[in-house]
Amino acid sequence: MSVDPILALLSDRLLMATVGVYVLAIALLSAAYAAARSIPGARPADAAAPADTTARTALSHTPTVRTALSHTPSVRTGRSYSEGAGGEARSCSYSGGAGGGARSRSYSGGARSRPERLGRMGVALAALGVGLHAGSLVARGLATGRWPLGNMYEFTSAICLAAVVAWLVVLRRSPGLRPVGPFVLLPVVVLLFLAGTVLYAQAAPVQPALQSYWLVVHVTTICLSSGMLLVAGVASLLYLLRRSGLGAGLAERLPAADVLDRLAYRVTIVAFPIYTFAVMAGAIWAEAAWGRFWGWDPKETVAFVAWVVYAAYLHARATAGWRTGGAAWINVAGFAVIAFNLFFINMVVAGLHSYAGI
Amino acid sequence: MTTAPPSRPDSTTRRVENDNSRERKGQLAGGWGLARNTWRGLTSMRTALVLLFLLALAALPGALVPQRALNARLVDQYFGDYPRLAPVLDQLGFFDVFAAPWFAAIYLLLMVSLVGCVLPRIREHARGLRAAPVATPRNLGRLPHHAIATLDASVEEIADRVRARLSGWRQARRSEGPACTVSAEKGHLREVGNLVFHLSLIGLLIGLAVGKLVGYEGQVIVMAGGGQFCNTGILGYDSFRAGLRVDGTDLDPFCVRVDDFAADYLPTGQANAFRADIGYQTADDLDAGRVDRWRPYPLEVNSPLRLDGLRVYLLGHGYAPRFTVTFPDGEQRTGETQWRPVDPATLLSEGATKFERPGLVDDEQRRTSQLAVTGLLAPTSSGGKIVTSVFPELRNPEVAVDVLRGDLGLDDGRGQSIFSVDRGRVESGELVAAARVNLVPGAAVRLEDGTTVRFDGVRQWVSLQISHDPGQLTVLGFAVLALLGLAMSLSIRRRRFWVRLTPVDGPDGLCGPGGPDRQDRTVVEIGGLARTDQAGYGEEFDRLAGDLLGSELLDVRTNDER
């Protein structure tokens, strides 16, 4: 089991390129965000039109088309349909958003506005970054001849990949969430930077306890769900920011508060069962490797705590008085516990999982 | 809960209030009322939420404070580091969080709350399954999803089309004067999944409890190259953790023999593979008296030996130096005791091999002429004057030892570590250093009284764990059920759909076949309501609207879903 140095080097270089591309993507998306803010008349009067920037900018060109299919009466009685008449972000269309995306695409045959072009470039760059990022992990796997999730450097990288992919998938379904992009990519870039500097580990085989197909099952699903939960956590944070009215200048172009809330919820309910599965797979693996399926090892304990916090989040969504703000705080706390488990427990507290550390 | 107001989806996981609670309130008195209110409070959603928080909070010290069950040495160290704080934490049970009464109280309350909430919901759900879908609201325009169109077809034709399109939905058709309505529901499996998930958690806890009651776990060190271990009693183990109902008299018998152990290392010193070739005899073999036949098994880190509900694991390995002591009268004694690794990277090991001088009749003389060879063992020595290990594999072993003579305290009735001598006895002069020397295999040192101590060589030992947990499969089964239930309850949407068909003209446009050659026109109004928290019904509704209303679509809209 020797390590191929050329592929290992390629993997490292690809990760550097990935960080560069993500940074560029952040720059472009932020520029789009700023440009959209500065164009007068580009947005309708209501502060929180449900439609996304795409639809909004297109709106002024072709107002007539929208009468046929619309999803946004801001008055609840919905007598008739009125175009964005005032009011806070009540109406929404995360669900309708997918349709909204399809529609907005049809408008964009002509010349696109500048923010729209910048935004699209940003998303395209992020997608390119995902390609490089995946390439980096694949190259590491080929270089070492094992599944490339054997140490903190590798799985931090994989979590970031999962987060960006999750955001891109969400974005495909509802393009209105493009302004969320920089806020997802920023922690990703920070994490990747940390991974490449502090956590970096030479490409090498793993020790006997990690040589199991359960590594593939357990660590991959943990990374996948953690990445998705990062997106959910960011969405809940933005939701709280949007709702609090703090940083209004920054937050005003974000999607409406309840669109963010729904994003957080929908991502969480996909990620939570995956996370549950990952913890169970870990337990099965622990039974084979350590002689017991659950032993309250620090890592297991904090994984349990995170699971309970997300269970509390789902319960809060169904409890009067907790549905909105409270639930969002719990979701943020949930991701905080996941991050704590990844970094603090691995690096500070010694336990059976420590060999995966640095 | 037959007609939920359309604007408020009912809670997805728990029922918050009982409908008929208010009317009986006046009759409640004294203890019964209190008990009732307590029960209601305990099973409420808010309480469940608080208990979940508490559970998360209570589990955290289990990760942040060292735990006795995991590493008693770290707990002792903690006592040393925080002499004031540690006893307080100890009193509060912080070093055994998961055995602490307060932790048990939280999860038991949570389970009671869960049962109290889930059982009524099962009944309610069973009733809901039998009931017909709720009647069509009068004003469909108020629903979150709504569309209307006028089609060139009779009420009956459209009703048939609706029925066909809504196959898979639970449907009910009703007449409203000249109009006809269809109510449909889908997604009852969501609640089924939810209930399955919560009940599975109880089953999982029971499986865990069974394991804690009748399971056991023991560790034992066995010499490679023929060492044997038989699971006959607790005394055979080096350490043993028994379940609450295990007294050690009824262990399942079996034997293992470790024939060989091989460790493979990368040039960096990182371990690449461990493998112990063992032979074993099952309970049946032993009963049948086949004690000379050993079934072979390659024991590796991720592949334990499983037999008759018992599992044998390869947990660790290390080295045992062999010393031969030749006393001045020619008597020889050979000692081989496992030394424990102190540096996991290079397997530098420490330990003490202890001897009693044979052939002495005087007790006092025998007690004070004991010998101990204690120090460090390097599997691959650096070769310098101070022995250090540079590689974990046994390539160039060397020991750096003190030979101590005197009273080791083997007879004073107290247990002592096999890895060290009692330092207090060195300080008190009961043990005196007879030599300090570095030895390679074959080399010997001669003490001043003529005794020689020879370092013969090194053998490997493996550390085995034997585990027995009959609750394990139950836990696995319920965990799988819980996961399925969870996935169902989060992915399935509970939703309702209504159609109202109103004939445009003619008094005979009853809900029935129209005239043979009339040109019928019907106003079709549809409405939809997602009864759960999740958005996403809009897309499905749009599809339904498109299929049913086609190009006649006048107005589809999605109101706020909440």
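**A chat about helices, cores and domains**

Visitor: Let's start with helix 6 of chain A, residues 181–197. How many residues does that helix have, and how far does it reach?

Guide: Helix 6 of chain A has 17 residues and reaches 24 Å from its first C-alpha to its last, close to the 24 Å expected at 1.5 Å a residue. Keep in mind that this is a predicted model.

Visitor: Okay. Which residues of helix 6 of chain A are buried?

Guide: Among them are A:G181, A:P182, A:F183, A:V184 and A:L185. Further along the helix, the buried ones include A:V188, A:V189, A:L191, A:L192 and A:A195.

Visitor: What does A:V231 touch?

Guide: Leaving out residues up to four places away in sequence, A:V231 touches A:V184, along with A:A163, A:A166, A:W167 and A:V267. A:V184 is one of the buried residues of helix 6 of chain A.

Visitor: Now the largest nonpolar core. Which of its residues touch the most other members?

Guide: That core has 185 residues, and the ones touching the most other members are A:A163, A:V231, A:A235 and A:V267. Helix 9 of chain A, residues 257–289, gives the most to this core, with 19 residues.

Visitor: Switching to chain B. How is it divided into domains?

Guide: Domain 1 covers 21–129, domain 2 covers 133–187 + 493–558, domain 3 covers 211–316 + 466–479, and domain 4 covers 318–456.

Visitor: How many residues of domain 3 of chain B are in contact with domain 4 of chain B?

Guide: Six residues of domain 3 of chain B are in contact with eight of domain 4 of chain B. On the domain 3 side, strand 4 (216–223) and strand 7 of chain B are the elements giving two or more residues. By class, that side has four nonpolar, two polar and no charged residues. The centres of the two domains, taken over C-alpha atoms, are 30 Å apart.

Visitor: Which strands does strand 7 of chain B pair with?

Guide: Strand 7 of chain B, residues 255–265, pairs with strand 5 (227–230) of chain B in the antiparallel sense over four bridges. Strand 7 of chain B also pairs with strand 8 (271–281) of chain B, again antiparallel, over 10 bridges.

Visitor: Where does B:V258 come in?

Guide: B:V258 is the bridge partner of B:G227, and B:V258 also stands opposite B:I278 in strand 8 of chain B.

Visitor: What about the hairpin of strands 7 and 8 of chain B?

Guide: It has five residues between the strands, and B:G269 takes a positive phi near 100 degrees there.

Note on methods: Residues numbered from 1 in each chain as written. Chains lettered and ligands numbered in written order. Predicted model: local features only at pLDDT ≥ 70, side-chain atom pairs only at ≥ 80, totals over all residues. Core = buried A, V, L, I, M, F, W, Y, C linked by C-beta atoms within 7 Å. Buried ≥ 20, exposed ≤ 12 C-beta atoms within 10 Å, placed from the backbone. Contact = placed C-beta atoms within 7 Å. Pairing = 2+ DSSP bridges. Domains from an automatic or database assignment. Nonpolar A, V, L, I, M, F, W, Y, C, P; charged D, E, K, R; others polar. Expected span 1.5 Å × (residues − 1).
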